[in-house]
Amino acid sequence: MELTNEYIEEVVKACRPFASRGKVIDHIPDLDQSHLTNLGVTIVTLDGETYSAGEDQDNFSFQSISKVILLLMALEDFGKDIVFQKVGMEPTDDLFNSISNLEEYGGRRPYNPMINSGAIATASLIKGTTVEERFDRILDFLRKITENNKITMSEEVYNAECKNGARNKALSYFMESTGVLSSQESDAALDLYNRVNSIEINSLALAKMGCFLSNHGRLIGGKKQIIQAENIRTVKAIMLTSGMYNESGTYAVEVGFPLKSGVSGGIVGSVPGRMGIGIIGPAINRKGNSCAGGEALRILSRDLELSLLHDRNVQHL
């Protein structure tokens, strides 16, 4: 299948009806059921070509896709050994905001950095003397890898995250009670997590983020190693096993490359050595993943032979 804008338009048209299987989350400002059938898909290749269709200009909040950035920066700041003393790297069948799994997993650490408790723990490892300084570092990094200096945080979304964040507060305080977080870390890590979740982004920026991962930590056409290749490999491995919540195994089989979703309906995809994919489809299923976006990924993977297990892609692993 040839990759063209017309082809992406066909994919968007075919996948819009799948949005009826889900609902738009109701606590994020400027997002309601009127956005149910919205779907935007953008692909950026490592050759610098961009293909896009649908509501690809819509801005939406980062939400759990932020967990990829938090993990990247924590690994750069402290290294794999320190990061994975605080959070595990195993998949889980529990929901992304589960409290019970903190009592079950060895050492009472979060299972992995792609669930809420794991991301809060990871946020505590970002270097900086204040929450504001740490957030500014994250924002600067995100702007750099997406080549978009206009990316910013939505104050309205941030206020809503804080107002509706009782469960995440519970996760943070539980981890404080078990020693995963110190009393000095818990509130600051939660606040940083809320701020990063509230960053506004679009499908093009997500596709460029995915392309950065696909290019092993370098910008398109660039030779400078911005993130160590070893840390990029670690993040992509965890995205593959845990990035789509407790549907990650299904996506590993049916799509076959690293992904991370958010409850605003965004998905970032990274096809190593080939492309980055950004999707927005606000109607999500009960597990927190975009219904129309997920179907688009299945079609793209099949038509463009994107699965890492396909013969043409093995060389990029």
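A salt bridge is a side-chain nitrogen of Lys or Arg within 4 Å of a carboxyl oxygen of Asp or Glu. A search of the whole structure finds 10 salt bridges. The model is predicted: local features need pLDDT of at least 70, side-chain atom pairs count only at pLDDT 80 or more, and totals for chains, interfaces and linings use all residues. Residues are numbered from 1 along each chain as its sequence is written, and side-chain values use heavy atoms, with hydrogens and water left out.

**Stop 1: two helices held by a pair**

Select Arg 195 and Glu 132. Their side chains form a salt bridge, 3.4 Å from N to O. Arg 195 sits in helix 9 (residues 183–197) and Glu 132 in helix 6 (residues 131–146), so the pair ties together parts that are 63 residues apart in sequence. Helices (H or I, at least four residues) and strands (E, at least two) are DSSP runs, numbered from the N terminus.

Is Arg 195 buried or exposed? Arg 195 counts as buried, at 15% relative accessibility, while Glu 132 is partly exposed at 42%. Buried means under 20% relative accessible area, exposed means over 50%, and partly exposed lies in between (1.4 Å probe, protein chains only).

**Stop 2: from helix 10 to a loop**

Next select Lys 208 and Glu 147. They form a salt bridge in which the closest N and O atoms are 3.8 Å apart. Lys 208 belongs to helix 10 (residues 203–214), and Glu 147 to the loop between helix 6 and helix 7 (155–163), so this pair ties together parts that are 61 residues apart in sequence. Glu 147 is partly exposed, with a relative accessible area of 46%.

**Stop 3: a pair inside one helix**

Move to Glu 295 and Arg 298, whose side chains meet in a salt bridge of 3.9 Å, N to O. Both lie in helix 13 (residues 291–304), 3 residues apart, and are separated by about one helical turn. Glu 295 counts as buried at 18% relative accessibility, and Arg 298 is partly exposed at 22%.

**Stop 4: a charged patch**

Select Glu 2, Glu 6, Glu 9 and Glu 10. These residues gather in a patch of negative charge on the surface. Patches are made of residues with over 30% relative accessible area and no salt bridge, with like charges joined within 9 Å and nonpolar side chains (Val, Leu, Ile, Met, Phe, Trp, Tyr) within 5 Å. Glu 9 is in helix 1 (residues 5–15) and is partly exposed, with a relative accessible area of 46%.

**Stop 5: a buried asparagine**

Select Asn 231 in helix 11 (residues 229–242). Asn 231 is buried, at 5% relative accessible area. Which residues does Asn 231 contact, leaving aside its neighbours within four places in sequence? They are Leu 72, Leu 75 and Glu 76, where contact means heavy atoms within 4.5 Å.

**Stop 6: two positive phi angles**

Finish with two loop residues. Asp 30 is not a glycine, yet has a positive phi of about 65°. Asp 30 lies in the loop between strand 1 (23–24) and strand 2 (40–45) and is exposed, with a relative accessible area of 62%.

Gln 63, also a residue other than glycine, has a positive phi near 50°. Its loop runs between strand 4 (60–61) and helix 2 (66–78). Gln 63 is buried, with a relative accessible area of 3%.

Conventions. Accessible areas come from the Shrake-Rupley method with a 1.4 Å probe; for residues, only the protein chains shown count as cover. Lys and Arg count as positive and Asp and Glu as negative; His and the chain ends are not counted. The place of a charge is taken as NZ of Lys, CZ of Arg, CG of Asp or CD of Glu.
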